[in-house]
Amino acid sequence: MGKNKGGKRLGKRQMADALQGFFSASPNETFSLKQVFRALKLTTHPAKMLAIDVMEEMCWDDYLSKVSDTEYRLNTKGQIQEGTFIRKANGKNSFLPDDGGKPIFVSERNSMFALNGDRVKVTMMARRQNHIKEAMVTEILSHKMNQAVGKLKVEKDFAFLITEGNIFVHDILIPKKKLKGGKDGEKAVVRITQWPSKESKNIVGEVIDVLGREGDNNVEMHAILAQYGLPYKYPKAVEDAAKKIDPGITPEEIGRREDFRDVFTCTIDPKDAKDFDDALSIRLIGKNLYEVGVHIADVSHYVKENSIIDKEAQKRATSVYLVDRTIPMLPEHLCNFICSLRPDEEKLCYSVIFKMDTDANVKSWHLAHTVIRSDRRFCYEEVQQILEQNGVKDGTGQPAPAATKAHPYQGDYAAELITLDALAKKLREARFKNGAVKFDREELHFDVDEEGKPISCYFKKSKDANKLIEEFMLLANRTVAEMIGKVKKASPQQSTSKKAKTFVYRIHDQPDPQKLESLRQVVAPFGYKLKTGGTRSAISRSLNALMDEAAGSREQKLIETVALRAMMKAKYSTHNIGHYGLAFDYYTHFTSPIRRYPDTMVHRLLTRYQDGGRSANQEHYEELCDHSSDMEQTAQQAERDSIKYKMVEFMADKIGNHYDGHISGIQSYGIYVEIDENHCEGLVSMHDLKGDYYEFDEAHYQLIGRRHHTKYQLGDPIRIQVARANIEKRQLDFILSEE
């Protein structure tokens, strides 16, 4: 060991830390040995030799570059990166590079007090022997959040906001005069006015809204929204602007549109929906030839670009669906009244009109601004009942038996619904034949009372009525994307092909090859096979075959979970790469402009190009796509948190009860168990797995006992007892049942 001038002994690790801090502070400068020794106050010969040895190792590790025999500098190629900081409550923070690389560990002492989601610049640290790759934050480029939600702790001379989770390193200090009337124990939203620095680790803020007492349903839902920076109130100026919009449709406007008011048209939505943004029409126009219209609310007719309503919708980017409420993207007057395709009301639409034969082959189609009048508002359950009453078997492509005078079709407009269902099944069959991935996801639902308290909890499975709507929406989305994205190839006389105009696509990349290989290794011991190479359609067909084979087996949950983790996340972009999951080369979102801003963007671009307009600014639209993708992810996180909260609330009076369940997640700190009866999920902590020391086998999704070799694997059946329900932390704790 060497000593510096102060006499402090420096070990190899301490020397490496000191050198890394020194070089990362001046990434573009070259330093001689004398400058390094002087800066680090290394005066003894052993200390200088240790520094040289460590710098040589750093050169081998490509952390430093050796300019000459006595000069060194930081190797900036790949060593300095920008990306996102992910803070963890257990101190295992990480850095996600912008280039999509793997997460890199950041210790707390090298975090510069960065907060979860912050954009940061980091310098890669030299790897030590048997040590993981590590990064050091050198600059915080921007903070993701400028507000926080939590519980006020009000003392005599000062106040704090105590936050849950991993967002902040310390509680937020609030001057007493900035409490806005907030009292001890109340939940509040706080704007941050001072960030941590070298001079002070404190985060200082001011209360901008007092939500109320903990445990109140409205307070908790608003707290979840505020936690993610999502709005829980609508600006009055925007609502006032919406109320001034004239809902009337003039004869001149009708004259500019295709008229579908006399064609059978209906909407099919969840029973509690109010914003009906899509409708279907159908009529027979020839022998074995149908005209099917997919009619979408013409939001862009009412919401003009850069208006106050448009700017608010653009900022929100999506409606947010919590367990007991919807936070709409558009003001209620627009989304539930003017734009909503309510029955027996004339409505303006943007429509894709298909001519299809009885095998659902599209013979021709066109895009048009239309006016419609919905004949009937159906909910999914009604349509499903009509289909089943008329002999339509769920999941088959077989039409119902023909009606006779003795046995007419049962239900309003049953013949039209049965025909639409038969066509949808043909479309679905063709889609899977073409290589679409078959993931029938179940959705968790709660029935709540008037105060928002959950009274039942269950999974809702997609049935034929849901799939009927889904297939026609997919067809419309794919068709308009192809209209813009597909361009004619260059003829022999032309030097270059025509370039597609700027458009908003919904893209989905191919599965991660390493995760697919991991899935193959996981399923092999159960006797299943999976192709991980070859064409896109070959892989997806192999995945579908695997799902079908595993259906009903003990390992089904394991296989579904690992397969889903191999899938990439879909997002919005002007750069089209196709949609892997749907097996579409071109795909967009056109069918829900009331609740998704990208659909409004698509409507505007389509209208622009139909009117002969030039290609839009791609850079501008790519920024909007990135924002919409980010907001979609944020809204989904808030939705998941509301589900967690309702789960804990639902189980709060069931402490001590025993339930059968299955292992739904495996982590180094314990196992997650989903109760079979009500689908609520809780954690059995590693500390509560008695009788052995368990090691985490991440590759095979299992915990293995070191002495007795007991295994806990994803998907395994298990019996648990409810131990704790912490509503504040939205956390359910289970222990293994002794029954």
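Guide: Let's start with lysine 498, which counts as exposed because its relative accessibility is 63%. The cut-offs are under 20% relative accessible area for buried, over 50% for exposed and in between for partly exposed, with a 1.4 Å probe and protein chains only. Before going on, note that this is a predicted model: local features need pLDDT of at least 70, side-chain atom pairs count only at pLDDT 80 or more, and totals for chains, interfaces and linings use all residues. Residues are numbered from 1 along each chain as its sequence is written, and side-chain values use heavy atoms, with hydrogens and water left out.

Back to lysine 498: look for it in the loop between helix H12 (464-485) and strand S27 (505-507). Helices (H or I, at least four residues) and strands (E, at least two) are DSSP runs, numbered from the N terminus. A patch takes residues with over 30% relative accessible area and no salt bridge, joining like charges within 9 Å and nonpolar side chains (Val, Leu, Ile, Met, Phe, Trp, Tyr) within 5 Å. Lys and Arg count as positive, Asp and Glu as negative, while His and the chain ends are not counted. Each charge is placed at NZ of Lys, CZ of Arg, CG of Asp or CD of Glu.

There is a negative patch on the surface too, where Glu619, Glu623, Asp626 and Asp630 gather. Glutamate 623 belongs to helix H17 (residues 618-651).

Now for charges that do find a partner. Side chains of opposite charge can pair when their charged atoms come close. Here a salt bridge means a side-chain nitrogen of Lys or Arg within 4 Å of a carboxyl oxygen of Asp or Glu, and a search of the whole structure turns up 48 of them.

Take glutamate 139 and lysine 121, whose closest N and O atoms are 3.9 Å apart in their salt bridge. This pair links distant parts of the chain: glutamate 139 is in strand S10 (residues 134-142) and lysine 121 in strand S9 (residues 119-125), 18 residues apart. Glutamate 139 is partly exposed at 36% relative accessible area, and lysine 121 is partly exposed at 24%.

Another salt bridge joins glutamate 381 to lysine 460, at 3.7 Å from N to O. Glutamate 381 sits in helix H10 (residues 380-389) and lysine 460 in strand S26 (residues 454-460), so this pair ties together parts that are 79 residues apart in sequence. Both ends are partly exposed, glutamate 381 with a relative accessible area of 36% and lysine 460 with 29%.

Glutamate 253 counts as buried at 11% relative accessibility, whereas arginine 256 is exposed at 59%. The two also belong to a network of salt bridges that links Glu253, Arg256, Arg257 and Asp298.

Last stop, helix H8 (residues 308-316), where the buried residues are Ile309, Asp310, Glu312, Ala313 and Arg316. Viewed down the axis of H8, these buried residues fall within an arc of 165°, so they line one face of the helix. That arc is taken from the directions from the helix axis to the C-beta atoms. Over on the other side of H8, Lys311 and Lys315 are exposed.

Notes: Accessible areas come from the Shrake-Rupley method with a 1.4 Å probe; for residues, only the protein chains shown count as cover.
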